Structures are given as structure tokens and as C-alpha cells.
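Subject: Structure handover and findings

Hello,

Please find the structure below. Have it open while you read the rest of this message.

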Amino acid sequence: MNNLLWYILAFLVFPGLLFTSVFGLVVTWVDRKVSARVQWRAGPPFLQPFYDFFKLWHKELLIPSAGKKAGFLFAPLLGLTATTLLATIIGVTNIDPEFRFVGDVVVIMYLMILPPLSIVWGGFASGNPLSILGASREIKLMLGYELPFIIAVATVLFKVGTFSLGDIIQYQQVNGVLLTQPSMILAFVVALLCLQAKLGQVPFDIAEAECEIMEGPLLEYSGPALGIFKLMQAMLYVVVPWFIISLFWGGTSFHEWGILWSLLKYLVVVVIVVLIKNTNPRIRIDQAMKFFWSWATLLAVVAMILMFLGY
Amino acid sequence: MPKLSTKWIKKSPWVYHVGTGGCNNCDIEILDCLTPRFDVERFGIKLVVSPRHADVLLVSGPVTYHIKSRLQEVYQQVPKPCVVACIGACACSMGIFKDAYSVAGPVDRVIKEIDPNAIFVYVPGCPPKPETMIMALVKALQKI
Ligand code: SF4
């Protein structure tokens, strides 16, 4: 009973829904502020993402007449739940590496597919041609980046010889972080590229291209449903880098100075994402597929071979 | 329907731009507002691409007969509460197009046909300066 209460608390408050959403909205502000500074602007005030969210919450929710109501409303909730679950598993494992179940990395990989899938579902359910186009691009992009991402993650799994995130973090506590080895640096680079696509940031924001297909799958969403999608994207901004840091960079610690160091690691990853976003134009979907299936996959395979050779 | 609060809109007005047959000069001035020089993101103003996401409709130009039904449709697509900003003399009062054979009326009259309670902001000028538009929007939203 006590355990159950603890799990619910972990899911809803820390490190689940509440913590990740607040932190994610703050990170969205960091993103917008850094972008503004790169473009020589002043940028939005600190609470801007919160204002945006509360405003969306107070708006009307319109359901398109061509759409399917149930799927249209259910999709954002599915995405939010999956992201929260993801945050809970990764967070709890980082706080206490002893917490594990068989193959939690595999579960995390599957859960990470759910948020893009929920966007795809919402896009198809809204019945707008542009949304459907965006949703189909999202599927193609997913097919593209999943392959190199899985190979990069598998490199770590083979190196440590386990399927559990807790074991990987403990291994790094004993043997030093994985990021010091050449093969792991290569895999990390591949993971960062896939991170860019998973977050839907600029070179790979093909599915939501504002100026050609008008935010694609989110086009028909309004009010609270749009707010939930935006919140989900903000939470992904926390969760996916957190997973990559846990895999390659020793995870995060919640003791005294460890918090600062973890925050710094996280900020480095986020600032890399924002800088890539601000210095690159959007590419076409076929270019993205080609990039992920040739160069990124090649890089990941090279990392895997280097790892087996012992570098 | 429950009363929807306008409290948060003034903190993050997302704007959607509708051209209704002006001379295109106002539209260009609107685009000027969105450049880094004026940086409207300071006030949380953001250009969105779908009327479903919008809080403020920036309408420029007198409403021609062709565009009238479209403007009304776009207005209905915007989730309420929302504000209509009439940019330029044309949108406020038809300006130089007054009494032209192709013009259906100024923006407020056209929109009041379908929603008598719509909220309007008028920004006169031919075209108004970007500074004027930003100031009008920020001031008007404080008053709602
Ligand atoms: S107000 Fe003046 S500048 Fe603006 S659309 Fe009308 S004629 Fe053109």
C-alpha cells in the first residue's frame, strides 16, 4: 500500500508530471531566450511559456467537423501520459539506480515512440489535408531516426552488457563516464542528432513546418488540447536529453553539488540543440531520411565496431 | 457556455494575419513588426499560422465582397475569446476605398453581422507605423 502511494506520488509530482512540466516550460524559455540572443533580440520574459500555457487552457476547444472526435481528444492525453511515465521511469532510476525491472531500457525506447505516434494520431484524426500530410511526414521521420538511435543505444547496452538503465548508471559510477571513449563519443553524436529529430527542432521540424504546412498535425488543435501538446513537447525537452545523459554521461545525481553538475550537463545538451536549431535551415523529408539512413547509421555502426574492438 | 477568461490573452497574444483586400502596404508593415528590430516576442506576441491557435486577428484592408464570407469564416474558426485588430485606415473605416463598387464595408461592420459582441482594436494610419501597432496592441490588451 505504502509502495503504491509512493509510485503515484512519483508519477504525479516528482520526477513525474509536475516537476517535468514546470522544468520543461522553464527550458522552453531558455530555448526561446537563447534563440532571441542569437538573433540579436531581447527575447520573451521568464514566465512567457507559463502565460502561453495558461492562456491556451482558458481558450475554447473547437473540434473540426471533418475530424474524429474521440481520437482527436484522446491523442494529446496519450502523449502526455507516455511522456510522464517516461519521466517517472528515468527519474526514479536516476535517483535510485537499484530500482530496476528487466529490460527497462527497451520499455523506455518503446515509450519514446508514443509521443510522436500521438501527434500522428491527432493529425490523422483532425481530418485536415495538411495535418494528414504532416502526420505522414512524422511517420517517415520516425522510421528515419529510430534506426541510428537504436544502434547508438545498443552500443552502450553491449558495452555494459545489460538491459537495465540502473546498471548502466552504476557501471559509470564505478568505471567513470562512458563519454571518455572514442566509440562512445561517436554514439553520443549520433544520439544528439536523433535527439534533434525527436524533439522536432529545426533541421528536422519537417512534420510541423510552419511556413509550408502550417504546423502540420497541430493545425486543427486549439485551446486546452493544443496546450497539452505544447506541454508534452516541453516535457520531451527534459526527458529525452535526460535519457541520453543517463546513458552516456553518468546520469544525474541529487546530492549537494551533484545537482549543479547535473544541471550543467543538461544545459550543455540543450544549448547544443538550440544552436543547431538556429544555424540550420529546414531540410526536406527525403533528405532527412537519406541523412539518417546513410550517414547517421554509418556513424552508429562505426561506433559499434569500435566498441567491439575495445576502443 | 461558461464565461471564458480574457486575463491571460494580454500576456500572450498570438496573432493571425488576414489580408482583406488592402493595398498590401499595411501587410508589409505588419511583417515589419515581426522582424528582430522590433522584437514583439518581448510582449509574448507571436505570429501563428493557423486561426485555431490565434487570439488576435490582424485584419488589414477594406473588406471586399469576395473576401467577406471568408473573413467571417476565419473569425468563426478562431477559438473565443479573441480580439479583432483593424490595422490601417482601410480596415477601420474603408479609407480611400470608401464608396468603391467592390467594397462590402469596414471590418467591424462585417464581423458584427455574425458576432455582435466581438472585441475590436482600431489602429489608424495609412499605413500605421510598426511602433504604433505594437503600442496599440499592448495598450488595448491592458484595457480588456
Ligand atoms: S490603410 Fe493605407 S496602406 Fe493600409 S491597406 Fe489601406 S490604403 Fe493600403
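What follows is a short tour of the interface, the ligand shell, the salt bridges and some backbone details. Please keep in mind that this is a predicted model.

**Interface between the chains**

Chain B puts 27 residues in contact with 27 residues of chain A. The two chains bury about 2,400 Å² between them. Carbon and sulfur atoms give 58% of that area. On the chain B side, Trp8(B), Glu41(B) and Arg52(B) supply 28% of what chain B buries against chain A, more than any other three residues.

Polar links also cross this interface. Six salt bridges are found across it. There are also 16 residue pairs in polar contact between chain B and chain A. By class, the side of chain B that touches chain A has 13 nonpolar, seven polar and seven charged residues.

**Around Glu41(B)**

Look at Glu41(B) next. Glu41(B) forms a salt bridge with Arg41(A), with the closest N and O atoms 2.7 Å apart. The side chain of Glu41(B) also makes a polar contact of 2.8 Å with that of Arg32(A).

Arg32(A) sits in helix α2 of chain A, residues 17-38. Its relative accessibility is 14%, so Arg32(A) counts as buried. Beyond its neighbours within four places in sequence, Arg32(A) is in contact with Pro44(A), Gln48(A), Asp52(A) and Glu41(B). A network of salt bridges links Arg32(A), Arg41(A), Asp52(A), Asp39(B), Glu41(B) and Arg42(B).

**Other salt bridges**

Over all chains, the whole structure has 13 salt bridges. One of them joins Lys277(A) and Asp31(A), with the closest N and O atoms 3.0 Å apart. Lys277(A) lies in helix α11 of chain A and Asp31(A) in helix α2 of chain A, so this pair ties together parts that are 246 residues apart in sequence. Lys277(A) counts as buried because its relative accessibility is 18%. Asp31(A) is at 4% and counts as buried too.

Within chain B, Glu113(B) forms a salt bridge with Lys68(B), the closest N and O atoms being 3.4 Å apart. Glu113(B) is in the loop between α4 and β7 of chain B, and Lys68(B) is in helix α2 of chain B, so the pair ties together parts that are 45 residues apart in sequence. Lys68(B) is partly exposed, at 21% relative accessible area.

**Ligand shell**

Which residues lie around the ligand? They are Gly22(B), Cys23(B), Asn25(B), Cys26(B), Gly88(B), Ala89(B), Cys90(B), Ile96(B), Gly125(B), Cys126(B) and Pro127(B). By class, the shell has seven nonpolar, four polar and no charged residues. Helices α1 and α3 of chain B each supply at least two residues of the shell. α3(B) gives the most, with three residues.

**Backbone details**

Pro127(B) is in the loop between β7 and α5 of chain B.

Most residues other than glycine have a negative phi, and most peptide bonds are trans. Asn24(B) has a positive phi, near 85 degrees. Asn24(B) is in the loop between β1 and α1 of chain B. At 45% relative accessibility, Asn24(B) counts as partly exposed. Asp99(B) also has a positive phi, near 65 degrees. Asp99(B) lies in the loop between α3 and β6 of chain B. Asp99(B) counts as exposed, at 68% relative accessibility.

Best wishes

Conventions:
Residues are numbered from 1 along each chain as its sequence is written. Chains are lettered from A and ligands numbered from 1 in the order in which they are written. This is a predicted model: local features need pLDDT of at least 70, side-chain atom pairs count only at pLDDT 80 or more; totals for chains, interfaces and linings use all residues. Side-chain values use heavy atoms; hydrogens and water are left out. Contact means heavy atoms within 4.5 Å. Buried area is the accessible area (1.4 Å probe) that two parts lose on being put together, summed over both. A salt bridge is a side-chain nitrogen of Lys or Arg within 4 Å of a carboxyl oxygen of Asp or Glu. A polar contact is a pair of N or O atoms within 3.5 Å; within protein, one must be able to donate a hydrogen and the other to accept it, and residues adjacent in sequence count only if both atoms are side-chain atoms. Ala, Val, Leu, Ile, Met, Phe, Trp, Tyr, Cys and Pro count as nonpolar, Asp, Glu, Lys and Arg as charged, and the others, Gly among them, as polar. Helices (H or I, at least four residues) and strands (E, at least two) are DSSP runs, numbered from the N terminus. Buried means under 20% relative accessible area, exposed over 50%, partly exposed in between (1.4 Å probe, protein chains only). A residue is near a molecule or strand if one of its heavy atoms lies within 4 Å of it.
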